[in-house]
Amino acid sequence: MKKIILVTSLCLSVFTSDACEYKHIIDRAISPASLKARVDQLFQNQDFVDAFIERKNKMSNAQRRAVAQKYQMQKIARWNYIFRTPLIPGYILKLGPIHWTNSFGGFLVRAKEVTNKNVSRVAYQQLIADVVEKEPLKHVCVVQKYLYEIPGRGDSKDKRLCDDNFIVLVEDIADILLSPEENIEQYKYVTEELLDELRIIARQAYVADFKMPNCVFGKDGKIYLIDTEQTNRAHEADFFLKNSHQMAADTAEGLRLIGRLLKVRDDDYCKAMLRVECASAPYYEMGIEPDDTPTLSAAFIALTDKLRELE
Ligand SMILES: Nc1ncnc2c1ncn2[C@@H]1O[C@H](COP(=O)(O)OP(=O)(O)O)[C@@H](O)[C@H]1O
Ligand SMILES: [Mg+2]
């Protein structure tokens, strides 16, 4: 009998600690009540949930686009479901990658696997904010990000921080950010002092993805790190400070990409980057399947070739 109690309490404690492991992140990222109320209203629409949250029914692009139109959703990312809607003014909703689903398994993860990719945006935003404050850094900012708990997912015992349970809400700072063209121009004058601050973030917050569209200059001359997602990691075992090899690899990749930011002084490189931006236009549509626009692949290849030449 004692053994049963011991085993049961051991199991419970493992479960409990697992369930609460990221409570500090969740507690810090609770959205304001008025914002939550607006998102609650959107989530009450079953067609929205079916198209963009459940993604159970294999919907056609046309069907998904129709739902997007109904809620005036404007997709603003190439690969991911990231959008604005006038129903939620002042914020951007980040729902995760188009093919990244836990429930039926996209091509990136097996069915039933827990993924933490979308929610990693919040975990790393908090970590970077702490580094910015502690140092303190003068030239780098992050944007306020919140977690919204998807209604009906998980219960009070299982509030795991994973893509099945939460989406990410981000303060929309479009009025502060420079356009892609202006951003590229601004990078021609980037200072070593600013790049050193980015290096501190790569080292202390293990950020890898310092590509130019993710580190955007604001009108105030500061760099806004808008894309704080943990790159290419969906699995719980590698998520947020769990895998030291991965953290080291992310820092190394981050430092490499920070070095590459200086290459913007080459005009042909700038042109190649802008070509990728232009070729991305058809992807800014709800539900469009990736890899069906050869123009984008060609633009990416040209950009990669140019970089190889410069490095
Ligand atoms: N806080 C924000 N304010 C304004 N625009 C944003 C913000 N966050 C992202 N964006 C826009 O959305 C695009 C995609 O966001 P990002 O987080 O980089 O997604 P992804 O992970 O798909 O690269 C960005 O390139 C930028 O144009
Ligand atoms: Mg990005």
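## Around ligand 1

Ligand 1 has 18 residues around it, with A77, N80, I173, I226 and D227 the closest; a residue makes the list if its C-beta atom, placed from the backbone, lies within 6 Å of the molecule. By type, the shell splits into 12 nonpolar, 2 polar and 4 charged residues. Here Ala, Val, Leu, Ile, Met, Phe, Trp, Tyr, Cys and Pro count as nonpolar, Asp, Glu, Lys and Arg as charged, and the others, Gly among them, as polar.

Two strands, β2 (80-84) and β6 (166-171), each give at least two residues to that shell. Strands are DSSP E runs of at least two residues, helices are H or I runs of at least four, and numbering starts from the N terminus.

## What you're looking at

This is a predicted model: local features need pLDDT of at least 70 and side-chain atom pairs count only at pLDDT 80 or more, while totals for chains, interfaces and linings use all residues. Residues are numbered from 1 along each chain as its sequence is written, with chains lettered from A and ligands numbered from 1 in the order in which they are written.

Check out the link between E135 and P136: the peptide bond is cis, with omega about -15°. P136 sits in the loop that runs between α6 (120-134) and β4 (140-142).

Then there's Y206, a non-glycine with a positive phi near 55°, found in the loop between α8 (192-205) and β7 (215-217). Y206 is buried, because it has 23 C-beta neighbours inside 10 Å; the cut-off is 20 or more other C-beta atoms within 10 Å of its own, placed from the backbone.

F240 isn't a glycine either, yet its phi is positive at about 35°. Its loop connects β8 (223-225) and α9 (244-260), and with 22 other C-beta atoms within 10 Å, F240 is buried.

Conventions
A residue is buried if 20 or more other C-beta atoms lie within 10 Å of its own, exposed if 12 or fewer, and partly exposed in between; C-beta atoms are placed from the backbone.
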